[in-house]
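I set out here what I looked up in this structure, entry by entry. The sequence and the model come before my notes.

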Amino acid sequence: MVDSQYYLPNDIGISALDCREAFRLLSPQEKMYAHYLSRASWYGGLVVLLQTSPESANIFVLLQRIFRKETPEELEKVAATVGLSSEEYKAFLVYAAGLYANMGNYKSFGDTKFVPNLPKDKLEALVRASQAFQEKPVEMEALWNNSSTLIFSLEDRQKQLGLGDKGITTYFSGNCTLEDAELAQRFLDSKKLSAYNTRLFKRSDGGKVCYEVRLASAVQKVLPLFFFVFFSDSLQAYAANENQQKMLEQYRHSFNFGSVESHKEGSRFWIKDKGPIVESYIGFIESYRDPFGSRGEFEGFVAVVNKAMSERFTKLVSSAEVLLSELPWPQEFEKDTFLKPDFTSLDVLTFAGSGIPAGINIPNYDDIRQSEGFKNVSLGNVLAVAYATQKEKLTFLKEEDKDLFIKWKGPSFEVQVGLHELLGHGSGKLFVQDHKGKLNFNKDKVINPETGELVSSWYQGSETWDSKFSTIASSYEECRAECVGLYLCLNKEVLRIFGLEGQDAEDVVYINWLSMVRAGLLGLEFYTPESKNWRQAHMQARFVILRVLLEAGEGLVGLKEVVGHDGKPDAQITLDRTKIHTVGKHAIQRFLCKLQVFKSTADVEGGRALYDGYSSVGDSGANNFLRLRETVLLRKEARKMFVQANTKVNGDHVELVEYESSAAGLIRSFTERFQEDADQLEADLLELSKKDTPCWC
């Protein structure tokens, strides 16, 4: 029997992202712009297969070839003839849908591998009986042979993503270690080069160790990447303004020549494009899945502004400068000027990549964020379906909390996302000395509040937050942003902006804090005891916050192990709502100040000691977290998958093509997404994957 954490259950939630009305309201020009940006995003998103695991591209092509010849309904009849039960066939469809939704065979949220929940011989029988195999047996045999072992393998190292002996990664060759990653980062910093769009490969040349830094660029001697054709004059012709045109031109140059500087320049034009009806961003963006924390995974999104929902966020932006002054660090540790960003609620049309977040604060380039600005988005149609919960599946809460939790989870999360993105990721100053020796702070006057002495460390030259804090950077920053959300949601003016007053406001505060401590417990699913490694940045952050609030004492948070109604181990978490504004606020205030000070001053040693300390998972002390982890795994609920629409040009207008909320619907959306040039596309993917194969040994 396969451990349940390594397969997707047949009853996994699958929801369609509804954007029909938002798309209908677009003008013909806006629809064309959204269509071509979506195509660029989907084609670019295929790169994620190559960024995830050595086998992901092969599995993707195998599935595409099977389902391009037979629909899931047609294939079901074939499955019955070769002996698959209905549950086994459904397990295959769920696996295929999961591969598409995660753009690889590792979960985008948690980085654990998932395998088909049916015997290997039965899946092989189905593959061999498929029409695709019957028509091209030699090609399909090769595909199956190249991927079948790794589809099912759960050797220790292959169970999760990681560097060296801790897991699988394609950001580094298989012989790279943490020391290699650190050495390469120092080299890149010394040459003022960004690692965002790179991978690192180590090889021996005449007995010498050589490092090869590969840039993602279309212009190369071997093979082009896939999507740059869509960054053509036709796309620019549908741009709404000059900023969008210049943005696209810079993106095209960046993707053609691997230039991060061009992508940064495009991001500057993107920031200047205030209040567009069709919003988008594309490139190598988030570094969560790089084990070293410096390299970005590709993503591209296209979304339509929800004007009614955006009004609340606009009001929050207007209050931002006042709210920033309430954060618990000295004024010198805050940005010199708050550059008011766009903050909009969007209905997602397209989100290509390994997963879909609830909110985003971008760009991630520190120098732009600190001095030129950023944008925030809340993804409204994602929020609408992602966190809906059935009462019977709501774990680890008291019965009297469950109805309140279900009622206010959505509104409380909207508040938390708004504060997290705008005033969490959007706050705080980095002390920097540039290449010319100029400091952006007065080192003879600024006092470190944690030591009472003058600030003695800062970022130098090309050092960035990601390059300096590397492996903990993503989770540490998510923790800081989550703490800002908890801290500022206690402000009544913030709650009024979201239409919450009186008892409703107090209930939202209670559920927001309760959600956070419950999420901290749920986070244990994403901890690997064998390697003592966290696999998901946000969930590690929430566990850290749970530890901080438990440490605060005075009965603020309770966590106890109990026996469930089914006789199996269970747990119960409680929060004293009368102590949130006192004990809770003080605990978050102190912790948040420390997080910011270490970040501002580039104090990696202090920051890592603090964060690693709270991240530790042991079996001693007041709570046996290792045993609680087993309980969490026993009662976990699989994360939902999303079905996204396609667009297609019909004459001089664009049509929206929607699909049902099921594994079959998700599969159909992908097989129809790449119809025009499927054969060439799949051949390119296989060639790129094959070229790298020797590097993983």
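**Notebook: cores and helices**

I began with Phe 67, which touches Pro 72, Leu 75, Phe 92, Leu 93, Ala 96, Tyr 100, Ile 667 and Thr 671, leaving aside residues up to four places away in sequence. I note that the model is a predicted one.

*Entry on the cores.* I then looked up the largest nonpolar core and found that it has 105 residues. Phe 67 is among those with the most contacts inside this core, together with Phe 60, Phe 92 and Leu 379. I recorded that helix H6, residues 86–102, gives the most to this core, with 9 residues. Another core, of 92 residues, lies apart from it, and I list Leu 327, Trp 329, Trp 465 and Val 494 among its members. As general background, I note that nonpolar side chains tend to be buried together in soluble globular proteins.

*Entry on helix H13.* I turned next to H13, which covers residues 260–272. Its 13 residues reach 19 Å from the first C-alpha to the last, close to the 18 Å expected at 1.5 Å a residue. At the N-terminal end of H13, I found Ser 259 as a cap, with a side-chain oxygen 3.5 Å from the backbone nitrogen of Glu 261. I asked how many residues of H13 are buried. The count is 10 of 13, and the helix is mostly covered. The buried residues include His 263, Lys 264, Arg 268, Phe 269 and Trp 270. Against which elements do the buried residues of H13 pack? I listed helix H12 (242–257), strand E4 (278–286), strand E7 (359–362), helix H16 (366–371) and strand E8 (375–379).

*Entry on helix H22.* I compared the span of H22, residues 537–552, with expectation: at 1.5 Å a residue its 16 residues should span 22 Å, and the end C-alpha atoms are 23 Å apart, which agrees. At the start of H22, a side-chain oxygen of Gln 536 reaches to within 2.8 Å of the backbone nitrogen of His 538. After the helix comes Gly 553, and I noted its positive phi, near 70°. Since 13 of the 16 residues of H22 are buried, I describe this helix as largely enclosed by the rest of the structure.

*Entry on Thr 631.* I located Thr 631 in helix H25, residues 625–634.

Notes. Residues are numbered from 1 along each chain as its sequence is written. This is a predicted model: local features need pLDDT of at least 70, side-chain atom pairs count only at pLDDT 80 or more; totals for chains, interfaces and linings use all residues. Side-chain values use heavy atoms; hydrogens and water are left out. Helices (H or I, at least four residues) and strands (E, at least two) are DSSP runs, numbered from the N terminus. The expected span of a helix is 1.5 Å times one less than its number of residues. Buried means under 20% relative accessible area, exposed over 50%, partly exposed in between (1.4 Å probe, protein chains only). A polar contact is a pair of N or O atoms within 3.5 Å; within protein, one must be able to donate a hydrogen and the other to accept it, and residues adjacent in sequence count only if both atoms are side-chain atoms. A nonpolar core is a set of buried Ala, Val, Leu, Ile, Met, Phe, Trp, Tyr and Cys residues joined through side-chain atoms within 4.5 Å. Contact means heavy atoms within 4.5 Å.
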